[in-house]
Amino acid sequence: IAIIAFCCYSLSSLVTYFVPYFTDVMKISVAGAGAIYVITGPFAAFFGLITGTVSDFLRSTIKVIVGVMVIVLAVLCLLLVSTSNLPFASAVAIDCIITLGVGGCYQIMFSMVEETGMDRKVAGSCIGVASIIAYLPDIFLYAMFGNWLDKYGNDGYSMIFKYGVGVSSIAIIGGILLLISIKKSRKKKALLETETVKAA
């Protein structure tokens, strides 16, 4: 849970670099890049309502996060191979997909605790420990990204997006492993309950 939350928060920090990326690399005007941010930025916080609703429908926050991360991974890979001549509409679409998707995952990431079936007596401690790890990017991420941009110029954006590819991949793998772990745990619990009934 902590690792997945770390990845979600890392990506929510990464999206703040889209505006300078659009202006520096894709040569979109400052006004145009600002307009993209105005369009997508505020809606990211409210997109959690959608991801939350979908999670309730599927009865799985983890599946929603994994699904969104697959999409984010694909779009980040597209950015890595795209040229600086990306049309404005495509830039808006890319920013919307990643910003809204990541924002939605960030809003629901700690709902994974309930899905694991963890005892409520330790759920608070779990979230506390997970939060320490999840918000670690605040300590190093901006300094690291800034150093890359200072040192490598526009090539630093490729490094930033590669970092995004890495953490989104880790979130996908972590989500799949967590789902497998939950399935095994539920199966074990059901088996123990069955044996208890037979013994009684």
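**Helices, core and ring pairs in a predicted model**

Let me begin with helix α4, whose 21 residues reach 31 Å from the first C-alpha to the last, close to the 30 Å expected at 1.5 Å a residue.

At the start of α4, a side-chain oxygen of S60 comes to within 3.1 Å of the backbone nitrogen of K63. Further along, the buried residues of this helix are T61, I62, V64, I65, V66, V68, M69, V72, L73, V75, L76 and L79.

In soluble globular proteins, nonpolar side chains tend to be buried together. Here the largest nonpolar core has 52 residues, and those with the most contacts inside it are F22, I65, L79, I98, I160 and F161. At least two residues of this core come from each of α1, α2 (18-24), α3 (30-58), α4 (61-81), α5 (88-108), α8 and α9 (155-199), and it is α4 that gives the most, with eleven residues.

If we take F22 from that list and set aside its neighbours within four places in sequence, we find F22 in contact with K27, I28, A33, I36, A91 and D95. T23, which is found in helix α2, has contacts of its own: with neighbours within four places again left aside, T23 touches I28, S29, V30 and A33.

Let me turn now to the aromatic rings. A pair of such rings is described by the distance of the centres and the angle of the planes. In this model the count comes to twelve aromatic pairs. For Y21 and F161 the ring centres are 4.8 Å apart and the planes stand at 85°, over the 60 degrees required, so this pair is edge-to-face. The pair links distant parts of the chain, since Y21 sits in helix α2 and F161 in helix α9, 140 residues apart. Both Y21 and F161 are buried.

A second pair is formed by F145 and Y163, with ring centres 5.5 Å apart and planes at 80°, so that this pair, too, is edge-to-face.

Finally, I would like to look at helix α7. At 1.5 Å a residue, its 15 residues (120-134) should span 21 Å, and the end C-alpha atoms are 20 Å apart, which agrees. Which residues of α7 are buried? They are A123, C126, A130, S131 and A134, and because they cover an arc of only 135° around the axis, they lie on the same side of α7. The buried residues of α7 pack against α1 (2-14), α6 (112-115) and α8 (137-152), while the face turned away from the buried side carries the exposed residues K121, G124 and I132. The N-terminal end of α7 is capped by D119, with a side-chain oxygen 2.9 Å from the backbone nitrogen of K121.

Technical notes. Residues numbered from 1 in each chain as written. Predicted model: local features only at pLDDT ≥ 70, side-chain atom pairs only at ≥ 80, totals over all residues. Heavy atoms only, no water. Helix = DSSP H or I, 4+ residues; strand = E, 2+ residues; numbered from the N terminus. Expected span 1.5 Å × (residues − 1). Buried < 20%, exposed > 50% of the residue type's maximum accessible area, 1.4 Å probe, protein only. Arc of directions from axis to C-beta. Contact = heavy atoms within 4.5 Å. Polar contact = N/O pair within 3.5 Å; in protein donor to acceptor, adjacent residues only side chain to side chain. Core = buried A, V, L, I, M, F, W, Y, C linked by side-chain atoms within 4.5 Å. Phe/Tyr/Trp six-rings, centres within 6.5 Å; stacked < 30°, edge-to-face > 60°.
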